[in-house]
Amino acid sequence: MENRPAPSGERDPASIRSMPDLAPTLVDQLDTPSLLVDRDVLDRNIEAMGRQARERGVDLRPHFKTHKSVQIAQLQLQHGATGLTCATLGEARVLADAGVEDIFVAYPVWPGGPKKQLLRQLADQVTLSVGLDSTVSADALAGALGATPGSLRVLVEVDTGGHRTGVRPADAGALAVHAARLGLDVAGVFTHGGHSYGLGDAPQRAARDEVDGLAEAAAALRSNGVEPRVVSAGSTPTAMLSATGPVTEERPGTYVFGDRQQVAIGSCRDADVALTVASTVVSRAVPGQLVLDAGTKCLGRETQPWLEGYAEVVGWPSVRLERLNDHHGVATLHGAGDDAPGVGSVVQLVPNHVCPTVNLAQELVLTRAGEILDRWPVDARALV
Ligand SMILES: Cc1ncc(COP(=O)(O)O)c(C=O)c1O
């Protein structure tokens, strides 16, 4: 996956990672675009994160939004996860119905419309926690729970530098007291160091921010008479960097598959990328480019200032995916000429960000050594 320049028209072996070409027998069985998951790499990623969390003495609560697959959630639980994190109540319902008993919706849930009833049902069915960053939401959550507000755990979200959601760490105590007075079970505090997504020492700095901010927030709860049982941090780049001090739990998600962003940041290696998109070249009619059957309806449109294009074309650094329409991925041939993949060739893409890519797919095709092992549904696809 390195962006090394390749001699004109030649495949660059250095950028193929440890991934072999797709076996013709595999290609014959694929309906492209489709999402391939290397079972051995997947297992290794899940096992490694479980082991590292154990070694550092923190609970592991992986984020379900990356894979949205009940089978993968079960593998994570078998490898030591204490529960799952979700972004939506719809995802939580899928997990609860699959028998997962401890679920944290790490999001400022607003119990409007049908969500009110679902929140109540889930709080009855499983150990359910949700994120909280305002007194208005606390009032609404307690109202939704009616006579049993204590059946819902809340974690006060603190902003430790991502500047998306969350109160200032010093303000966490006052919000915790407000929620506790309403009868909600205030379990602790959490943060997401989203500003870890950057080059250089961004992950290290974000991890320090997470630890410092959570320590301040936990102290603010204590000084207001609320004991935090859970102090939860997490993103894939910071997962093990912030597993220290007051932090009791980590919530990485993307680590399970890896993606092009994670490789660029250095939080996973090429060989840790478990998911690729198999895509067919459907046109070479326009000189200087090729067109793939993977557009925004497969890959999403996520970019970063420090990544070129929308996905890595594995093995072809000189073929850059620079333009996406719904069903067309237009790649420019920077030096790769006649030898670049022709019409009908199937290539593998590593998406910039794997989570939205998975959310656009119906199934994951599990592979090992060029064979299809299984097909797993994306169970919670598009659920709000
Ligand atoms: C609240 C929260 N926790 C955990 C995660 C997992 O982070 P990552 O995708 O870096 O693994 C996310 C990702 O967006 C998140 O929003």
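Which of the 14 residues around the ligand come nearest? Before I answer, a word on the basis of this talk. This is a predicted model, in which local features need pLDDT of at least 70, side-chain atom pairs count only at pLDDT 80 or more, and totals for chains, interfaces and linings use all residues. Residues are numbered from 1 along each chain as its sequence is written, and side-chain values use heavy atoms, with hydrogens and water left out.

The nearest are Arg 164, Tyr 197, Thr 236, Gly 253 and Thr 254, where a residue counts as near if one of its heavy atoms lies within 4 Å of the molecule. Thr 254 places a polar side-chain atom 2.8 Å from a ligand oxygen. For Arg 164, a side-chain N or O atom is 2.9 Å from an oxygen of the ligand, and for Lys 65 the corresponding value is 3.2 Å. On its own the ligand has 390 Å² of accessible area, and the protein covers 93% of that; such areas come from the Shrake-Rupley method with a 1.4 Å probe.

I turn now to the domains. The assignment, which is automatic or from a database, gives domain 1 as 13-30 + 262-352 and domain 2 as 39-256. Their centres, taken over C-alpha atoms, are 34 Å apart. Nine residues from domain 1 and 13 residues from domain 2 form the contact, defined as heavy atoms within 4.5 Å.

Between them the domains bury about 850 Å², 62% of it on carbon and sulfur atoms; this is the accessible area (1.4 Å probe) lost on being put together, summed over both parts. On the domain 1 side, Gln 262, Ile 265 and Trp 306 lose the most area, together 54% of what that side buries. Zero salt bridges are counted between the domains, the criterion being a side-chain nitrogen of Lys or Arg within 4 Å of a carboxyl oxygen of Asp or Glu.

Terms used:
Buried area = accessible area lost by both parts, 1.4 Å probe. Polar contact = N/O pair within 3.5 Å; in protein donor to acceptor, adjacent residues only side chain to side chain.
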